Amino acid sequence: MSRYTGPTTRINRRFGQALFPEKKAMKNKPYIPGQHGRTLRRRVTDYSMGLNEKQKLRFMYGLSEKQFRLTFQRAKAIRGVTGEIFMRLLETRLDNIIYLLGFARTRKAARQFVTHGHVQVNGKKVDIPSYTCVPGDVVEVRERSSSRQLAQRSLDESQLRTPPAWIERVDDAFRGTISRLPIRDEMDKTINDQLIVEFYSR
């Protein structure tokens with residue numbers, strides 16, 4: 001499946017949480033989408049639980065099925081707890097770092113911000129959203145008026161969102177430093193990564 005470009009509120013209703021920016025329809029229709037959404041009773045199986053968890057995380061980070069599966073395979077090849085490593089690889093993607101720093105309002109906007117060449121890592125321009133950041137990397141908005149204006153607008157809109165403890169942001173310089181790798185407790189707690197590991201291990 002390619003990257004999702006359809007109605008975002010439908011996805012929010014499907015999973016019962018705001019994976020995309022919440023809209024009024026989410027409050028007006030707090031049930032799953034579809035003709036029988038109000039009364040439909042879904043049969044819950046181990047497979048469906050794993051699939052839902054996998055799809056939820058994939059939509060959250062805006063990846064295609066192929067990208068998501070390849071990232072999981074990378075995590076599986078690294079020694080350690082696969083679920084935690086997988087979550088860490090997603091969390092340290094460059095587009096997600098830009099989102100966490102507040103330079104973009106959503107992860108989708110962060111991906112576009114990166115691909116349009118507004119970002120540099122360690123002083124070099126990087127336009128690959130899937131670029132994996134490591135401790136010590138300095139992520140910065142390029143010194144162009146258009147880039148800085150976009151970043152400032154997003155910072156103004158996301159003032160309530162503070163970067164996690166493993167990222168140090170310098171607001172005036174439009175810069176952030178990866179001080180260390182995130183631990184599982186610092187990543188999304190609504191995701192059961194073990195279900196995803198079991199799903200791909202079938």
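Q: Which residue does R148 meet in a salt bridge?
A: R148 pairs with E140, at 3.9 Å from N to O. A salt bridge here is a side-chain nitrogen of Lys or Arg within 4 Å of a carboxyl oxygen of Asp or Glu. This is a predicted model, where local features need pLDDT of at least 70, side-chain atom pairs count only at pLDDT 80 or more, and totals for chains, interfaces and linings use all residues. Residues are numbered from 1 along each chain as its sequence is written, and side-chain values use heavy atoms, with hydrogens and water left out.

Q: Is E140 buried or exposed?
A: E140 counts as buried, at 15% relative accessibility. Buried means under 20% relative accessible area, exposed over 50%, and partly exposed in between (1.4 Å probe, protein chains only).

Q: How many salt bridges by that rule?
A: The count is 10. One of them joins R184 to D193, with the closest N and O atoms 2.7 Å apart. Both R184 and D193 are buried.

Q: What about E84, which residue does that one meet?
A: R88, with 2.9 Å from N to O. Both sit in helix 5 (residues 82–91), 4 residues apart, about one turn of the helix. Helices (H or I, at least four residues) and strands (E, at least two) are DSSP runs, numbered from the N terminus. E84 is partly exposed, at 23% relative accessible area.

Q: And which residues are linked in a network?
A: K54, R58 and E65, through salt bridges.

Q: Switching topic: which residues touch the most other members in the largest nonpolar core?
A: L94, I97, I98, F103, V119, V139 and I167, out of 23 residues. A nonpolar core is a set of buried Ala, Val, Leu, Ile, Met, Phe, Trp, Tyr and Cys residues joined through side-chain atoms within 4.5 Å.

Q: Which elements supply at least two residues of this core?
A: Helix 6 (94–101), helix 7 (107–115), strand 1 (119–121), strand 3 (138–141) and helix 8 (145–157). Helix 6 gives the most, with 6 residues.

Q: Last one: where is S154, and what does S154 touch?
A: S154 is in helix 8 and is buried, at 12% relative accessibility. Not counting residues up to four places away in sequence, S154 touches G102, F103, A104 and R105.

Definitions and conventions
Contact means heavy atoms within 4.5 Å.
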